[in-house]
Amino acid sequence: MAVSESKKQSNKPEDLELLKTDVASFASSLGLSSSDPSSYSGFNDADFRKTGPLRSNKPEKKAKQAPNAKSTKTQKPLNQNFKPSEKPKPKPPVLSLEDTNGRPQRFDKFKNMPKLPLMKANGLGVWYLDAEELEAKVVGKETRVEVRNVGEWKSVVEKKRELGERLMAQYVKDYESSRGQSGDIKMLVATQRSGTAIDKVSAFSVQVGDNPIANLRSIDALLGMVTSKVGKRHALTGFEALKELFISSLLPDRKLKALLQRPLNHLPETKDGYSLLLLWYFEECLKERYERFVLALEEASRDMLPVLKHKALKIIYTLLKNKSEQERRLLSALVNKLGDPENKGASNADFHLSKLLSDHPNMTVVVIDEVDTFLFRPHLGLRAKYHAVNFLSQIRLTHKGDGPNVAKRLIDVYFALFKVLITEAVGDQEKDKGSKQGNAKASKSVKHGKGKSLSESHVELDSRLLSALLTGVNRAFPFVSSSEADDIIDVQTPMLFQLVHSNNFNVGVQALMLLDKISSKNQVVSDRFYRALYAKLLLPAAMNSSKAS
């Protein structure tokens, strides 16, 4: 009873005041005294209190979070629509079978169309051999394209191209439902999606080798490796894989044809006709992709990375050696490397061109014409001209077949370059004279020897090129036929005598050797030759020359 009475009494206001005073005195003894001297207690908890009502913060927080939550809810679908289109953009061109929207590259527009009679996907051998057999069976090998109206023919080709795309969609679907259900193909597909870069390249290559028509997108994935600008770490592997595929299984030993070059109006609407149209459409697709591959090789041959540059140069030579498709562009890219700023790159191009001519001697005239166009490009450096002439002077010549014509073509190139170099030298001398007359101080520096270094270095670099040219003429002239040699002598002899009297002693000796060979072949030695020879022998440079002759 006493306890209950004390509890009841503790609820009185007097007891509460006493409790407050006890707590305040205890707080003041701990040093927590009040800063306000007018306060009755020794403890001030204002610093420990939260301002504002305690319960009113929770609805305020909810009220603040509500608009934010609404904004996040409205922004999330925007981010969800935006992120998938942003992230995959750099990835699909490298190693992926998906397009920029993240979906597989399928023929969706032909999904609901009825099937046409077509060859089975499992029965494909070597595609170009099957195409030749079907062409001989359906159309005939001697059938040619007859075009009367270009506009009508283009519309026919567009319709057949769309039909070929539909046939390819049907063929791919047939391949996926039959051959694609095997365990090996499923393992390759899994490797393509979640394997390392080298494993993906191997999987793509195996699928293309299994059926190139049904796995055209695997070729596109490999092309994405070599054409992508994201990085160059996959380019070396991609170039090597595509080279092996194009040489071993994809390219025939002839040039590829487009649908415009095919007799499409002679195709019947039968199983063999549709199958032949599918093979022709695939050939056009392959032609476009091989052109992209060659363009990627050209860009890689101009790359700053030496390993990639030399790899591309070697692949260009291998393709030129084995296949005839795009040979003009590949040859132009290989000849263009004679002007590489690095001596190693130019020497590699010289080596590959010489090796190409030893493998295919019939390409000699074509290669000489390409080097000829390269030599007379505007603003071409003397170093590039020297490498080109050095390659031409190493071409093997013979008296049989087209050997005399090749030698005559080389001599024409040499003397045409002679004329260009002489006109450039005359133009430089006229510019030097004008600068001397216009500037008196410059003339004094030239007299004192300050301007000699520039002119002498220019002459030395030109003399190196002229010596290479004369060496080439000396090698090619004995293989020229006697009837054409007389014309060369009548036209080019004055230029050779002009070179005899040049400032460089070695160039003069080379020109005298060529004149001696010309005169001995004609058995006529002119007095002008002996006069020039004795004039050279009386020069002081004859005693100090490094030439043994």
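Q: How do H10 and H11 cross, and how far apart are their axes?
A: Two packed helices are described by the angle between their axes and the distance between the axes. In this predicted model, helix H10 (residues 235-250) and H11 cross at roughly 140°, their axes coming within 12 Å. Axes here are lines fitted to C-alpha atoms, for helices over the stretch in contact, with angles from 0 to 180 degrees between N-to-C directions. That makes H10 oblique to H11 (under 35 degrees is roughly parallel, over 145 roughly antiparallel, 65 to 115 roughly perpendicular, the rest oblique).

Q: Which residues in H10 and H11 meet?
A: Contact means heavy atoms within 4.5 Å. Phe239, Leu242, Lys243, Phe246 and Leu250 from H10 touch Leu286, Tyr290, Phe293, Ala296, Leu297 and Ala300 from H11. By class, that's 10 nonpolar, no polar and one charged (Ala, Val, Leu, Ile, Met, Phe, Trp, Tyr, Cys and Pro are nonpolar, Asp, Glu, Lys and Arg charged, the others, Gly among them, polar).

Q: At what angle do H11 and H12 pack?
A: Helix H11 (residues 271-301) packs on helix H12 (residues 306-322) at about 140°, axes 8 Å apart. So H11 is oblique to H12. Tyr290, Phe293, Leu297, Ala300 and Ser301 of H11 meet Leu308, Lys309, Ala312, Ile315, Ile316 and Leu319 of H12. That set splits into nine nonpolar, one polar and one charged.

Q: How many helices and strands does the protein have?
A: Helices (H or I, at least four residues) and strands (E, at least two) are DSSP runs, numbered from the N terminus. Here you get 23 helices and zero strands.

Q: What are the ground rules?
A: Residues are numbered from 1 along each chain as its sequence is written, and side-chain values use heavy atoms, leaving out hydrogens and water. Local features need pLDDT of at least 70, side-chain atom pairs count only at pLDDT 80 or more, and totals for chains, interfaces and linings use all residues.
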